[in-house]
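Reader: I would like to learn how to read a few features of a protein model. Could you walk me through them?
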Amino acid sequence: MEAIFSVRAVELLCSRLCHDLIGPVGAINNGVELIEEGDGGEAMGEALDLVADSARTAARRLALFRLALGAGSGGGVLPIPGTREALEGWFAGGRIQFIWRPALIVPPPGLLKLVLLSALIAEEALPRGGTLTLTGDDGGLELLAAGTGCGLREEALRVLHGGVPEAELTPRGILMHVGLVMARFYKLAFTPARDFAEGKLTISLGQER
């Protein structure tokens, strides 16, 4: 099960993780500064709310990244409740409604990791918000993104169809690249199929046939 990332791909992935974390971490810092400069009252309460809110957001994002990209999952096998909690936490309070409907018992190694990555890819395909629904079972899952303006970015499409060498990757295509490499590593099918005219994107995941 060989999978190799170039230094370029690793750099881009790290940049992506930092980009998603810098917002809430920066907000925590701003909240702390407001608390230090304040003299109590309503402003203090607002600053504490900002810190608490941002800390929850950062924790949820770290939880998802740890499951999707971390090595502590025991051969790629993730806990089903933890995966669901990470996804629901990621989308909580945002413009995308996440719906969990799969009937999972013992999913194959890597499948839930791919679900997490696919959710991030689908999120980028819904710039105006919408719904993201996961269905299926251990034999195969389907992630359906639906919303106005739904569509994969041009570079993500090029990566999907093998048109971008690793040396030429940019942040806009790195998640698709990681998804493809991870699917090969775990010997899983990873098939984004677009129907953008209807405002939908379907990502099918499962064991190779």
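Predicted model: local features only at pLDDT ≥ 70, side-chain atom pairs only at ≥ 80, totals over all residues.

Reader: What volume does the largest pocket have, and which residues are the closest to its centre?

Author: The volume of the largest pocket is about 500 Å³. There are 19 lining residues, and R61, W90, F91, I96 and E123 are the closest to the centre. At least two lining residues come from each of α1, α2 (41–69), α3 and α4.

Reader: What does the second largest pocket look like by volume and by lining?

Author: The second largest pocket has a volume of about 240 Å³. It is lined by 13 residues, with F5, L69, M182, F185 and Y186 the closest to its centre. Helix α6 provides the largest share, five residues. By class, the lining of the second largest pocket has 11 nonpolar residues, one polar and one charged.

Reader: And how many cavities of 30 Å³ or more are there?

Author: A cavity differs from a pocket in that the probe fits inside but cannot get out. The count here is one cavity of 30 Å³ or more. The largest cavity holds about 80 Å³ of space. Its lining has 13 residues, and the closest to the centre are I121, E124, L152, A156 and R172. Both α4 and α6 give two or more residues to this lining, and the largest share, three residues, is from α6. Sorted by class, the lining of the largest cavity has eight nonpolar, two polar and three charged residues.

Reader: E124 is one of the residues closest to the centre of that cavity. Which residue does the side chain of E124 meet in a salt bridge?

Author: Side chains of opposite charge can pair when their charged atoms come close. In this model, E124 forms a salt bridge with R16, with an N to O distance of 2.4 Å. E124 belongs to helix α4 (residues 111–124) and R16 to helix α1, so this pair ties together parts that lie 108 residues apart in sequence.

Reader: Which other residue is linked with R16 and E124 in a network of salt bridges?

Author: That residue is D20: R16, D20 and E124 are linked in a network of salt bridges. The D20 and R16 side chains meet at 2.7 Å, N to O. These two residues are four apart in helix α1 (residues 7–37), which means that about one helical turn separates them. D20 is buried, as is R16.

Reader: How many salt bridges does the structure hold, and which residue does E88 pair with?

Author: The structure holds four salt bridges. One of them joins E88 to R84, where the closest N and O atoms are 2.9 Å apart. E88 and R84 are separated by about one helical turn because they are four residues apart in helix α3 (residues 80–91). With 34% relative accessibility, E88 counts as partly exposed. R84 is also partly exposed, at 35%.

Reader: Let's turn to the strands. In which sense do β1 and β2 pair, parallel or antiparallel?

Author: Strand β1 (residues 96–100) pairs with strand β2 (residues 130–137) in the parallel sense, over five bridges. I96, for example, has G130 in β2 as its bridge partner. I96 is also among the residues closest to the centre of the largest pocket.

Reader: What is the handedness of the β-α-β unit, left or right?

Author: The unit made by β1, α4 and β2 is left-handed.

Reader: Finally, how many bridges join β2 to β3?

Author: Seven bridges join β2 to β3 (residues 140–146), and these strands run antiparallel. T131 has A146 in β3 as its bridge partner.

Technical notes
Residues numbered from 1 in each chain as written. Heavy atoms only, no water. Buried < 20%, exposed > 50% of the residue type's maximum accessible area, 1.4 Å probe, protein only. 1 Å grid on protein atoms, 1.4 Å probe; cavity = no way out; pocket = protein on both sides within 12 Å on 5 of 7 lines; lining within 4 Å. Points joined across faces, edges and corners; volume = space filled by probe spheres on them. Nonpolar A, V, L, I, M, F, W, Y, C, P; charged D, E, K, R; others polar. Pairing = 2+ DSSP bridges. Right-handed = clockwise from strand over helix to strand, strands pointing away.
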